[in-house]
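Open the model in your viewer and keep the selection tool at hand.

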Amino acid sequence: MTMNSIYATRRAQLAQAIGPHGIAIIPTAPEQQRNRDSDFPYRADSYFYYLTGFTEPKAWLVLTGDGSSTLFCQPKDVEREIWDGYRLGPDAAPAALGVNAAFSSAELDAKLPALLDGRDAVWYAFAVHKALETRVDGWLSSLRARVRYGSLTPQTQRDLCGVLDEMRLVKDPSEQATMRRAGQISAAAHIRAMKTSAKMLRAGKEVREYHLEAELLHEFRVNGSQFPAYGSIVAAGANACVLHYRADKGLVRDGELVLIDAACELDGYASDITRTFPANGRFTGPQRMLYELVLASQQAAIVATKAGARFTDPHDAAVQVLAQGMLDVGLLDKNKVGSLQDVIEKRAYFPFYMHRTGHWIGMDVHDCGDYTEPSELGQVSTRQDALTGELIKDRPARILRPGMALTIEPGIYVRPGAGVPEQFHHIGIRIEDDAIVTTTGCELLTRDVPVSVADIEALMRA
Ligand code: MG
Ligand code: ZN
């Protein structure tokens, strides 16, 4: 399939979903100013890109239920193009993108009421694009003003997110190929950072978190990645226990661990990798003990990731291993917290493992898609949270199907506290890989970077 036919297929699928008399309006993302005269790097809206493959700003896709697509885009403008770069323009858009018609985005307000005329429902993403609702209101009211001339106003407005999120949740072969390549680039970046850390320390140089971040960014970009998929975390020593730490200027010390959670975005698709490694290339005893525990918990979660399993199964499998390990190494005292079952029921592991084991990944690093099973929405139960006492609504978790993509990322974070063995203080470890669910299990996209103790030590020795 050519890329254009992939987008055409998606548009046809969407047209089917909104019904023959529906109309969908999909704007791309706005440009964002960073500070005076300087914008953030532009990135297209994920929904818009998914349906068009078009990356210019100020563009809109309008799709009608009969399968006809209209693009509104920036008009050709020699002077603006001298300053801001090439524009495709409406004349070239139908051939280049496979849409049926294209107009200048300046014509949006003039054309939309006529496009809406006679449609039964207007679909757009609710609560996503700032002021879009107001914009739609304006088009509907100008259409209604013409009611005496026989125009018909749509009776319903519907949220496009549900339909598009379901489509995006299952990755097609071309998406999987892009995600595989993004995973390979990110893995190479982690290897580069690991090697640099050991090499600089061996040479007696001062190593700071930003030195390692620079290696990551270099590897992303030199392989054609457009952006990091999210703000890189490079956390040396105790900084690893701050979950949303960023790469800063912290000193990378011989004998401490470094946690790196960083990965690239490639052609609109994210990857997401975390590795934790000894700055000098050799794990100490206590570091190794906790590392092996997190790795075993990740392995249990990987085994639990397969078609037919629930989204929560990998998390439950990881928690089982982590909780038992915390009892075994003395992070938790059985005389105080009781058995493994008690630890899990009362969430006594929470001070050391306070996040979930994964999330959907795709165009967005925390990708769209319901985490509850749509075929079982009616089955709601209520339970009281063991730690907060809060009443929580439980709905059956999503059943995994081939082509869904998710991360598997257990961790352990030890802050000093009463009864916490000193040898583990300030150790923070997370191991994260990206997986695509297959019929028999899952494919890991990010294993080009070593994960075992022996392989990490061997890599960093070389
Ligand atoms: Mg991550
Ligand atoms: Zn993640």
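Which residue bridges the zinc ion (ligand 2) and the magnesium ion (ligand 1)? Select Asp272: this residue bridges the two ions, which lie 3.0 Å apart. This is a predicted model, in which local features need pLDDT of at least 70, side-chain atom pairs count only at pLDDT 80 or more, and totals for chains, interfaces and linings use all residues. Residues are numbered from 1 along each chain as its sequence is written, chains are lettered from A and ligands numbered from 1 in the order in which they are written, and side-chain values use heavy atoms, with hydrogens and water left out.

**The zinc site**

Now select the zinc ion (ligand 2) with Asp272 (OD), His359 (NE2), Glu409 (OE) and Glu432 (OE), which coordinate the ion at 2.0 to 2.3 Å. Donors are N, O and S atoms within 2.8 Å of the metal (3.2 Å for Na, K and Ca); water is not among the atoms, so sites may look incomplete. The angles among the four donor atoms run from 79 to 151°, and the site is irregular.

Colour Glu432 next: it is buried, with a relative accessible area of 0%. Buried means under 20% relative accessible area, exposed over 50%, and partly exposed in between (1.4 Å probe, protein chains only).

**Charged pairs**

Side chains of opposite charge can pair when their charged atoms come close. The structure holds 27 salt bridges, each a side-chain nitrogen of Lys or Arg within 4 Å of a carboxyl oxygen of Asp or Glu.

Select Arg10 and Asp172, whose closest N and O atoms are 2.9 Å apart in a salt bridge. Arg10 lies in helix α1 (residues 3-18) and Asp172 in the loop between α7 (161-169) and α8 (173-202), so the pair ties together parts 162 residues apart in sequence. Helices (H or I, at least four residues) and strands (E, at least two) are DSSP runs, numbered from the N terminus. Arg10 is buried at 4% relative accessible area, whereas Asp172 is partly exposed at 22%.

Move to Glu457 and Arg288, a salt bridge with closest N and O atoms 3.4 Å apart. Glu457 sits in helix α14 (residues 453-461) and Arg288 in helix α10 (residues 285-303).

**The cavity**

Last, select Phe311, Arg356 and Leu406, which are among the residues lining the largest cavity. Its volume is about 60 Å³. On a 1 Å grid over the protein atoms alone, a cavity is a set of points where a 1.4 Å probe fits but cannot get out, and lining residues have an atom within 4 Å of a point. Grid points are joined across faces, edges and corners, and a volume is the space filled by probe spheres set on the points.

Methods. Tetrahedral: all angles 85-135°; square planar, octahedral: opposite > 155°, others 65-115°. 1 Å grid on protein atoms, 1.4 Å probe; cavity = no way out; pocket = protein on both sides within 12 Å on 5 of 7 lines; lining within 4 Å.
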